[in-house]
Amino acid sequence: AISNINYTCSEIDALYHQASLKLGISDSISIVLYTVYDLGDHCLLSEVYKTTGISRQTVNSAIRSLEADGILYLEQHTGRSKKIALTDKGKKFVEETIGKLRMAEIQTFEAWSEEEIDTYIRLLEKYAYCFQKQVEKM
């Protein structure tokens, strides 16, 4: 069972990588933009660090690249915290990339019943919770 779960998770990761390639963006840029798409324009940089699960260095590299391309910019928030803001070009870019990815996800779940979706979410949450407890014990 563990091997099947791990293999399927790897397959899904590979599909997201393939989607990023088709959209013409790196995996790290895809993850950062997806997070901004989810959290909303003008989200805190610290939220992106927490939400993505990738290293701060990787997030910062992606942010620098996106800044250089005129997709987003950082603005001061309070104290040392910063917010990510999309430029007009960035909003269009996100819709053309991450918007397509989100639509593919939505269309995938259109074939599922509400009960299947609820069960899937419940089981993923249970797995994450139980696995976190095991990792804490290591």
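**Entry 1: Helix α6**

I looked up E136 and K133 and found both in helix α6 (residues 114–137), three residues apart, about one turn of the helix. Helices are DSSP runs of H or I with at least four residues, strands are runs of E with at least two, and both are numbered from the N terminus. E136 and K133 form a salt bridge, with the closest N and O atoms 3.8 Å apart. I applied the rule that a salt bridge is a side-chain nitrogen of Lys or Arg within 4 Å of a carboxyl oxygen of Asp or Glu. K133 is partly exposed, with a relative accessible area of 32%. For such labels, buried means under 20% relative accessible area, exposed over 50%, and partly exposed in between, with a 1.4 Å probe and protein chains only.

I noted that this is a predicted model, in which local features need pLDDT of at least 70 and side-chain atom pairs count only at pLDDT 80 or more, while totals for chains, interfaces and linings use all residues. Residues are numbered from 1 along each chain as its sequence is written, and side-chain values use heavy atoms, with hydrogens and water left out.

**Entry 2: The other salt bridges I examined**

How many salt bridges does the rule give? The count comes to five. One of them joins D38 to R102, with the closest N and O atoms 2.2 Å apart. This pair links distant parts of the chain, since D38 belongs to helix α2 and R102 to helix α5, 64 residues apart. D38 is partly exposed, at a relative accessible area of 47%.

R102 also forms a salt bridge with E105, where the closest N and O atoms are 3.4 Å apart. R102 and E105 are three residues apart in helix α5, so about one helical turn separates them. Is E105 buried or exposed? E105 counts as buried, because its relative accessibility is 16%.

I returned to E136 and K133, whose closest N and O atoms are 3.8 Å apart. Elsewhere, salt bridges that share partners join D38, R102 and E105 into one network.

I compared helix lengths with the expected span, which is 1.5 Å times one less than the number of residues. Helix α1 has 22 residues and should span 32 Å at 1.5 Å a residue; its end C-alpha atoms are 32 Å apart, which agrees. Just after α1, G24 takes a positive phi of about 80°.

Helix α2 (residues 27–39) has 13 residues and reaches 18 Å from its first C-alpha to its last, close to the 18 Å expected. G40 follows α2 and has a positive phi near 100°. The buried residues of α2 are I29, S30, V32, L33, Y34, T35 and V36. What do they pack against? Their partners are α1 (2–23), β1 (43–44), α3 (45–52), α4 (56–68), β3 (82–86) and α5 (88–109).

**Entry 3: The whole chain**

I then recorded that the protein chain has six helices and three strands. From the N terminus on, the elements run α-α-β-α-α-β-β-α-α. The C-alpha atoms fill a box of roughly 45 × 35 × 25 Å, taken along the principal axes. Buried residues make up 24% of the 138 residues.

I also checked contacts, meaning heavy atoms within 4.5 Å. Among contacts between residues at least 6 apart in sequence, 50% join residues at least 24 apart.
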